[in-house]
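Work through the following exercises with the sequence and the coordinates open. Each task is followed by a stepwise solution.

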Amino acid sequence: MSREWIKGPLPVLVVLPILSVLTYATTDMPFFIYLASITGVNVILAVSLNIVNGITGQFSIGHAGFMAVGAYAAGYFSRALAGVQLVFLPEVVSDQVIFLVAVVFGGMLAALFGFLVGLPSLRLRGDYLAIVTLGFGEIIRVFLQNTEALGRALGLRGIPQRSSLLAVWMAAFLTILVARRIVSSSHGRSLLAIREDEVAAEAMGVDTTGYKVRAFVVSSFFAGVAGALFAHFVPIINPSSFTFVKSMEIVVMIVAGGLGSTTGAVLTAIILTLLPEQLRTVLTSGAEGTDLAQRVDQLRMPIYGATLVALMLLRPQGLFGTRELWDLWPRSQPKASDP
Amino acid sequence: MSDFAQHLINGIASGTIYALVALGYTMVYGVLKLINFAHGDVMMVGCYMGYAVAQSLGGDDASSFLGVLLVFSVAMAGCGLVGFLVERFGYRPLREKPRLTALITSIGISFTLSYGFQLDMGFLPGAAPRAFPEIIRPHELFVVGDYDIVIWNWQVISFAIAIVMMLGLQFLVYRTRFGRAMRAVSFDPKTAGLMGIATDRVISGTFILGSSLAACAGLLYAIKDTAVQPMMGLYVGLKAFVAAVIGGIGHVPGAVVGGLLLGLIEEFVVGYTASTWRDAVAFGFLIVVLLGRPEGLFGKAVAEKV
């Protein structure tokens with residue numbers, strides 16, 4: 001078909017103007033922008049972790065570690081180049097170009113770490129990855145807390161605030177697109193085969209270690225991108241933003257959404273980001289007591305843990321199982337027979 | 001030279017504690033092929049039980065032989081009960097499901113316990129570390145030279161307790177009917193069940209045993225650190241897991257060797273660099289082991305059966 005070429009960039013061409021208009025319309029609503037950005041970052045994290053945990057059937061619980069790598073790398077990069085203006089470019093454009101480079105740099109560094117962590121642990125059975133990623137998350141945190149150049153426990157300040165609604169949600173959209181296209185590619189079929197039965201997949205000639213490591217690297221890259229974006233809209237990043245708690249939050253999102261369902265991950269990421277914010281607003285609106293707000297925060301982790309246990313015992317497939325949102329309407333599936 | 005000897009002693013002291021916890025991981029992995037993430041947190045719960053008993057005995061005044069015995073036995077029994085409940089209601093319903101569900105459940109239990117204990121409502125203790133009563137009053141047992149090398153009495157006591165526990169376990173696993181049943185279940189649970197072994201009972205027994213050992217280790221750790229806190233389970237548990245992997249997971253003597261090795265490495269790295277790196281050492285070492293010899297020092301590489 002001669003129209004084939006448009007299919008690749010088409011979704012981007014549709015979403016880009018919508019997001020631009022939305023960004024333009026909400027410029028004077030700082031709280032909305034902040035909330036929407038946090039939600040977008042969580043969507044990126046959930047969807048990218050789903051590539052490893054849902055589609056490939058491994059179990060990583062150190063996603064916040066990769067996010068931290070991306071955040072610190074990109075933040076440091078941007079801060080170092082804060083006063084620099086690229087020649088021949090107006091200031092705004094130059095800033096955005098440097099921002100883009102910083103985000104990609106953060107992603108690449110996270111991907112490199114993903115490779116280093118994934119290669120030894122993914123040769124083995126799934127449970128090793130869980131422990132090693134957990135350990136990796138801790139090493140990163142210890143490293144950040146002990147490194148003078150990265151601000152130790154105080155964190156990195158003075159990162160230029162260059163992120164925007166458009167940037168965050170464009171990245172989120174691209175992550176979703178990549179995740180979906182991975183699933184429907186031959187690469188993705190191999191990943192699904194590994195999830196369903198690793199031994200059988202290997203017997204059919206799938207290079208299981210190679211595919212697992214590549215999936216893990218892609219996932220780490222997007223976690224790094226999420227961290228990089230995060231670093232450019234919060235006033236300060238410090239090691240306490242990237243602890244177990246963050247990793248577990250993402251794990252709960254994808255387990256609740258259904259391991260392997262990209263739309264499920266998106267949906268639960270949005271719900272689980274907005275719900276605590278709403279709860280906090282509702283609970284603390286009467287009494288402005290910070291004590292209560294603190295208590296709500298404290299309750300999060302035990303609730304996350306209990307949710308995981310309850311989900312596994314009662315509904316291990318989560319909200320959607322491995323299905324997508326549109327699979328709920330069986331009529332919309334004639335594409336399966338399309339050549 | 002005296003530095004070296006002192007680090008050696010401290011390393012062995014903390015290594016035996018890791019070894020005791022690692023035994024629990026290894027035994028559960030042997031019978032269920034499950035990495036019981038919640039093991040360290042069950043240990044933490046046991047420590048708080050011991051803490052409660054020691055407090056009600058009069059805090060620092062509980063330093064009598066009987067008091068110590070009471071603290072240890074209550075904590076070990078209580079911890080065994082917690083381990084039993086976790087297995088009965090958390091893992092048993094999932095035994096026929098994919099392995100990942102049990103792993104996720106154990107992670108969930110682990111986080112519920114370690115963060116649940118950080119709340120300060122009801123009987124929950126809150127996040128702040130509590131000073132553990134000096135039920136074994138510390139004094140220097142041997143001093144060489146001008147305080148060049150010090151061996152504390154609790155180091156000797158904890159080493160002795162650990163050795164007794166390990167020998168007892170070795171006897172149990174290789175010389176009793178229960179141990180034989182355990183090894184049979186570990187070898188092939190289905191066939192063991194067909195041969196008349198009550199698989200569920202053996203698995204419950206393994207959890208109780210492993211959790212009691214963990215409680216014992218946790219108390220020794222609390223005495224060494226002179227504190228209990230909700231996150232101790234996560235860290236000690238993870239390091240003990242690393243020890244179990246180093247020795248070859250599923251291999252009982254391997255866990256002991258792995259624990260000692262890890263304790264020594266950690267002590268030497270921390271001793272010659274900075275103590276803030278303590279938590280990173282074990283994981284770095286784990287990655288090195290997984291790269292070089294993933295089946296551990298004593299484990300055999302087993303091809304997965306179809």
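**Exercise 1.** Is A:Ser78 buried or exposed?

Solution. The model is predicted, so local features need pLDDT of at least 70, side-chain atom pairs count only at pLDDT 80 or more, and totals for chains, interfaces and linings use all residues. Residues are numbered from 1 along each chain as its sequence is written, chains are lettered from A and ligands numbered from 1 in the order in which they are written, and side-chain values use heavy atoms, with hydrogens and water left out.

Step 1. Locate the residue: A:Ser78 sits in helix 4 (residues 63–80) of chain A. Helices (H or I, at least four residues) and strands (E, at least two) are DSSP runs, numbered from the N terminus.

Step 2. Apply the cut-offs: buried means under 20% relative accessible area, exposed over 50%, and partly exposed in between, with a 1.4 Å probe and protein chains only. The relative accessible area of A:Ser78 is 0%, so this residue is buried.

Step 3. List the surroundings. Leaving aside neighbours within four places in sequence, A:Ser78 is in contact with A:Ala102, A:Ile159, A:Pro160, A:Arg162 and A:His232. Contact means heavy atoms within 4.5 Å.

**Exercise 2.** Describe how helix 4 of chain A packs against helix 11 (residues 244–257) of chain A.

Solution. Step 1. The two axes come within 7 Å and cross at roughly 120°. Axes are lines fitted to C-alpha atoms, for helices over the stretch in contact, and angles run from 0 to 180 degrees between N-to-C directions.

Step 1. From helix 4 of chain A, A:His63, A:Ala64 and A:Met67 meet A:Lys246, A:Ser247 and A:Ile250 of helix 11 of chain A.

Step 2. By class, this contact has 3 nonpolar, 2 polar and 1 charged residues. Ala, Val, Leu, Ile, Met, Phe, Trp, Tyr, Cys and Pro count as nonpolar, Asp, Glu, Lys and Arg as charged, and the others, Gly among them, as polar.

**Exercise 3.** At what angle do helix 1 (residues 2–32) of chain B and helix 6 (residues 177–187) of chain B pack?

Solution. Step 1. The angle is about 60°, and the axes are 6 Å apart.

Step 1. Helix 1 of chain B is therefore oblique to helix 6 of chain B. Angles under 35 degrees count as roughly parallel, over 145 as roughly antiparallel, 65 to 115 as roughly perpendicular and the rest as oblique.

Step 2. B:Met27, B:Gly30 and B:Val31 in helix 1 of chain B meet B:Met182, B:Val185 and B:Ser186 in helix 6 of chain B. The contact has 4 nonpolar, 2 polar and no charged residues.

**Exercise 4.** How confident is the predictor in each chain?

Solution. Step 1. pLDDT is the predictor's confidence in each residue, from 0 to 100. Chain A has a mean pLDDT of 83, with 90% of its residues at 70 or more.

Step 1. Chain B has a mean pLDDT of 84, with 95% of its residues at 70 or more.
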